Amino acid sequence: MVQLQEVTVDDLKHLVSGRAIEGETMLLNMGPQHPATHGVLRLLLELDGEIVVNCIPDIGFLHTGIEKNMEAKTYQKAEVMTDRLDYLNTVGNNLAYCMAVEKLVDLDVPPRAQAIRVILTELQRLASHLVWIGTHALDLAAMSMFMYAFREREIILDILELVSGQRMMTTYIRPGGVWRDVPVEFEAAVRDFIKIFPKRIDEYEALLTKNPLLLDRLLGVGVLTKEKALSYGVTGPILRATGVDWDLRKKRPYMGYEQYDFIVPTRTEGDNYARYLVRVQEMRESLKIVEQALNKLPMGPVRSDNRKFVPPPRSEIGTSMEALIHHFKLWTEGFEAPKASVYSAVESPRGELGVFLEGDGGPKPYRIHMRTPSFENVGAIPEMAKGHLVADLIAIIGSIDFVLGDIDR
Amino acid sequence: MDNKLEKIVQALQKDFDVTFEEFRGEAHVFVQPEQIVEVITSLRDVHEFELLSALTAVDYWPQQEPRFHVIYQLTSLAKNLSIQVRVPVAATRPVVPTVTGVFASANWREREAWDMFGIHFDGHPDPRRILMPADWEGHPLRKDYPLGYEEPQFTFNFDEIDLRKPYAKE
């Protein structure tokens, strides 16, 4: 029989105020099955009436040992696990992982593949922000918003299915390029979406931006200062809502982001409303990037022709002995990466998604660490929640837009 | 490597006892555990690395001296630079001073490193496990910790394996 170890208040004494021990304030458990915690996040709240005195997040309910599992797979096979981290930003996770592998083995990516990667990650960013705006509004009792947002998200997922065969876990981006070229229907599908979506954003804004019920819950709630945000390692829209102009797409352009004309929206207030405005503006900017990338989409190969790392196309295998050998070796042994480590980061919808990758000269990653933005962002909840009402905590959680799969890995 | 980054590394080499490696334009600075808090503080206050992007560890088992590297990835928003600080940790005494006082984000990341690798962070305000259950034994990301799997049951050994399986039996 396994002995269960109970966590007692004594273990948490250092985290709550002295008043909790004397019984003046109440300790209340929120989650992990609470609908407004967006996944399995548990918050232990110390409450003085309705006011949050202390908030202790408890994470790990979704821990699946992805980093450990990846160490046991080859570089190509480990990629499927990255989809399962942040399941609202699967293409972005693939991109972060592939960029780290490409940096480690020094692999080139053809321009057409870069442009396709940009289009798909930006579409995925829109899909992720749509889930955010839908669930955030749902938490604040605007139920129809949820339906609208998921209606549009479905169009994006259809596009992902068109190119990769999968709605969510695409694994479409591969080290050295993408899996295969986009189908002919792709351009029309994306153009249709670009045509209808600006109007839909206007609709969302008409419904929410000046809505007094929403303003009540967002304005001035959950303020995070610039200094605190940096100290807590918060990145992404939350950091930009505190007045820091930091977007890796702009500051350290990758995949040809320097060719595209877009602005990085920032606000200075640092509250829920500022985060809302930043994300809505980001959706418009993402759409601009998708349109430019689609207009400029260059012709050419979608995979590197470095056969030591990238499998040859099927057409070559039938005629070339060398291609057959490469294909066989890459899918049985995998490719070898040098004994060294790299850190490479991309801007995910939630912030800096970094991949620390260390090779040992063999075909499997020796150590891979995903620096997931939600982890740091959720770490800052106590800072934002202190002194607010429990109801405001729901609004704060919604405005952080975290994904538990991203936190627990 | 970037000129500005090179100057920072030289300044660090002057002030502290650090060694330095370069790979694909990234600067990896090796620091002894005793100096880590000073180095991180100096990087934040003097060299404007305001963001602790990542804090993690690597296990080099069966190598014992050092067995672990604790890795601090710092980002400077003002200068748009990144630097990696590595702290070698011995297997016999896996203790590193905490940098929670310098960066608040180190709190959770150090808890994660303790949980996954069993590295103690001396002076940490909240040294609990973070991802694994509180009563978990062992540290999963250590290289001598096996990757678990389920034993396949065949007709001839079904009952024998079933006895060992940890699920609720009547």
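This is a predicted model: local features need pLDDT of at least 70, side-chain atom pairs count only at pLDDT 80 or more; totals for chains, interfaces and linings use all residues.

Visitor: At what angle do the two helices pack, and how far apart are their axes?
Guide: Helix α6(A), residues 143-164, and helix α7(A), residues 185-208, pack at an angle of about 165°, and their axes are 11 Å apart. Angles over 145 degrees count as roughly antiparallel, and α6(A) and α7(A) are therefore roughly antiparallel to each other.

Visitor: Is the crossing left-handed or right-handed?
Guide: The crossing in which α6(A) passes α7(A) is left-handed.

Visitor: On to strands. What does β7(A) do with β8(A)?
Guide: Strand β7(A), residues 351-359, pairs with β8(A) in the antiparallel sense, over six bridges. A:Gly359 stands opposite A:Pro365 of β8(A). Five residues lie between the strands of this hairpin, in which A:Gly361 takes a positive phi near 90°.

Visitor: Is β8(A) mostly covered or uncovered?
Guide: Strand β8(A), residues 365-371, is mostly covered, with six of its seven residues buried.

Visitor: And the two chains: how many residues does each give to the contact?
Guide: Chain A gives 35 residues and chain B gives 30.

Visitor: Which element has the largest share on the side of chain B?
Guide: That is β3(B), with six residues. The side of chain B that touches chain A comprises 18 nonpolar, seven polar and five charged residues.

Conventions
Residues are numbered from 1 along each chain as its sequence is written. Chains are lettered from A and ligands numbered from 1 in the order in which they are written. Two residues are in contact if their C-beta atoms, placed from the backbone, lie within 7 Å. Helices (H or I, at least four residues) and strands (E, at least two) are DSSP runs, numbered from the N terminus. Ala, Val, Leu, Ile, Met, Phe, Trp, Tyr, Cys and Pro count as nonpolar, Asp, Glu, Lys and Arg as charged, and the others, Gly among them, as polar. A residue is buried if 20 or more other C-beta atoms lie within 10 Å of its own, exposed if 12 or fewer, and partly exposed in between; C-beta atoms are placed from the backbone. Two strands pair if DSSP finds at least two bridges between them. Axes are lines fitted to C-alpha atoms, for helices over the stretch in contact, and angles run from 0 to 180 degrees between N-to-C directions. Angles under 35 degrees count as roughly parallel, over 145 as roughly antiparallel, 65 to 115 as roughly perpendicular and the rest as oblique. A crossing is left-handed if the near helix is turned anticlockwise from the far one by less than a right angle, and right-handed if clockwise.
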